[in-house]
Amino acid sequence: MRTRIVVVGGGTAGARLAQRLPVTLLGEEPHAPYNRVLLAEALAGRYAPEVIALPGTREPARLGVRAVRIDRAARTVECADGSLVAYDRLVLATGSAPVLPPLRGLRGAELPVGVHPFRTLDDCLALRGLVRPGTRAAVIGGGLLGVSAARALAALGAEVILTQQAEHLMERQLDSQASVLLREHLTSLGVEVHTECRVTGLRTRDGAVTALELADGYVLDADVVVLACGVRPRAALAREAGLEVHRGIVVDDELRTSDPSVHAIGDCAEHRGRIYGLAGPALDQADVLAELLLAEEAGEGSPPAAPRYTGTRALTRLTLTGPLAPLDVATFGDPTPAPGDDVVQLTDATRRAYRKVVVRGDRLVGGVLLGDLAAVGTLARTWEGDEPLPDDAPLLHLLTHDGGS
């Protein structure tokens, strides 16, 4: 008898597993699984929603179905429509949810008209329906998501203001020098950037947003507000079922939770104390789990040779289109040096190019590249493989080598 595998969540991780194995996929959204990385392109109008759809699943997915309760003793998942889905193996791929900042005027489940997170295809479609040339759009949050949303809104002709509480944009990935180039690029798109800027409240009229209130007393008019203040793992379903949850759902190297019959993958999973929140690790986890479940199905249990998930060394890439030339961004590891680390930087202001790597001993520990990514392939392979740097080639050669991208 075939093992009944139920997957809760139709995002990157859940869809990947359902492409490789015959599973019952419960997707909360009404849309077929799609590539969330391309939402900014869909918002900008470069891709239609059907273009960002992921490859089809082995079995038809149950869409628009929200799981509300797990009965671990009975091994069933209860859905909001009252149906029960039985499982032998349950995989939680519930992803992450946007963080809503504690602002005046933003209380309760109902957001004011014109205020949207930027996390789902429905968010994207709603924003496209609101934005016209000249629409005053404010983005709260200058991380990867906020920057992506700002340039997409600018492409639609909106008058965009990007507010960031930290000192510089994409502070988790970029250093201050790289952020200056990014800020200049956004400015060239017509985006007005405010860093070290704390939004404290929203003004509304007749249930619709009209302005942002800042901590320094300034008020910024806005017809549309995009909340891009980060995300957190969706772990409530697991927590209520009694599974171990810290920041995310805790899993081991077989991606098992504290219940051996329940696994977790993707943005909701916490592995060795780390939550990745990126597509690459989600795909890696789904692939490892697929191999493990296939081995179980074949009656091999979990043989010593079966794959284990030991982590992902993820490279982040972003292309920001513009009126002149696009700006390519790539980051990996930790670009902030510790005492004793060596740092090599190259800057070419005329080409808007910046390269920086951090070396600890004979290993690369992080890097940032903007503008010219010709060296990113070589650097990424060296870092991802955790390989010692070659003795016969100076680090400067790695930074200027163009054979790897």
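Q: What makes β21 and strand β22 (residues 327-333) a pair, and how do they run?
A: In this predicted model, 6 bridges join β21 to β22. A pair needs at least two bridges, so β21 and β22 count as paired. The two strands run antiparallel, and Leu-320 stands opposite Leu-327 in β22.

Q: Which sheet holds β21 and β22, and in what order do its strands come?
A: The sheet is an open one of 5 strands in the order β21-β22-β25-β24-β23, with antiparallel pairing.

Q: Why are β21 (315-320) and β23 (342-348) called edge strands?
A: Each of them has a single partner strand, so one side of β21 and one side of β23 lack a neighbour in the sheet. From one strand to the next, the twist averages 10°.

Q: What makes helix α8 (residues 376-384) a helix that packs on this sheet?
A: Helix α8 touches β21, β22, β24 (353-360) and β25 (363-370). Contact means heavy atoms within 4.5 Å. The direction of α8 makes about 150° with that of β25.

Q: What makes strand β2 (residues 24-27) and β3 a pair?
A: There are 2 bridges between β2 and β3, which run parallel. Leu-26 stands opposite Arg-62 in β3.

Q: Where do β2 and β3 stand in their sheet?
A: The order is β3-β2-β1-β7-β19, an open sheet of 5 strands with parallel pairing. Its edge strands are β3 (62-63) and β19 (262-264), since each pairs on one side only. Helix α7 packs on this sheet and touches β1 (5-8), β7 (89-92) and β19; the direction of α7 makes about 175° with that of β7.

Q: How do you know that helix α1 (residues 12-20) packs against helix α7 (residues 279-297), and at what angle?
A: The axes of α1 and α7 are 8 Å apart, at an angle of about 35°. α1 passes α7 in a right-handed crossing. Residues on both sides make the contact, among them Thr-12, Ala-13 and Arg-16 of α1 and Ala-282, Leu-283 and Ala-286 of α7. By class, the contact of α1 with α7 has 9 nonpolar, 1 polar and 4 charged residues.

Q: Why is the space lined by Gly-266, Asp-267 and Tyr-276, among others, called a cavity?
A: In a cavity a 1.4 Å probe fits but cannot get out. By this rule the count comes to 1 cavity of 30 Å³ or more, and the largest cavity holds about 30 Å³ of space. Its lining also includes Gly-277, Leu-278, Pro-281, Ala-282 and Gln-285. The lining of the largest cavity divides into 4 nonpolar, 3 polar and 1 charged.

Q: What lines the second largest pocket, and which classes are present?
A: The volume of the second largest pocket is about 160 Å³. Its lining includes Ala-97, Pro-98, Val-99, Leu-100, Glu-110 and Arg-232. Two or more residues of this lining come from each of β8 (96-98) and β9 (115-117). The classes are 8 nonpolar, no polar and 2 charged residues.

How values were computed
Residues are numbered from 1 along each chain as its sequence is written. This is a predicted model: local features need pLDDT of at least 70, side-chain atom pairs count only at pLDDT 80 or more; totals for chains, interfaces and linings use all residues. Side-chain values use heavy atoms; hydrogens and water are left out. On a 1 Å grid over the protein atoms alone, a cavity is a set of points where a 1.4 Å probe fits but cannot get out, and a pocket is an open set with protein on both sides within 12 Å along at least five of seven lines; lining residues have an atom within 4 Å of a point. Grid points are joined across faces, edges and corners, and a volume is the space filled by probe spheres set on the points. Ala, Val, Leu, Ile, Met, Phe, Trp, Tyr, Cys and Pro count as nonpolar, Asp, Glu, Lys and Arg as charged, and the others, Gly among them, as polar. Helices (H or I, at least four residues) and strands (E, at least two) are DSSP runs, numbered from the N terminus. Axes are lines fitted to C-alpha atoms, for helices over the stretch in contact, and angles run from 0 to 180 degrees between N-to-C directions. A crossing is left-handed if the near helix is turned anticlockwise from the far one by less than a right angle, and right-handed if clockwise.
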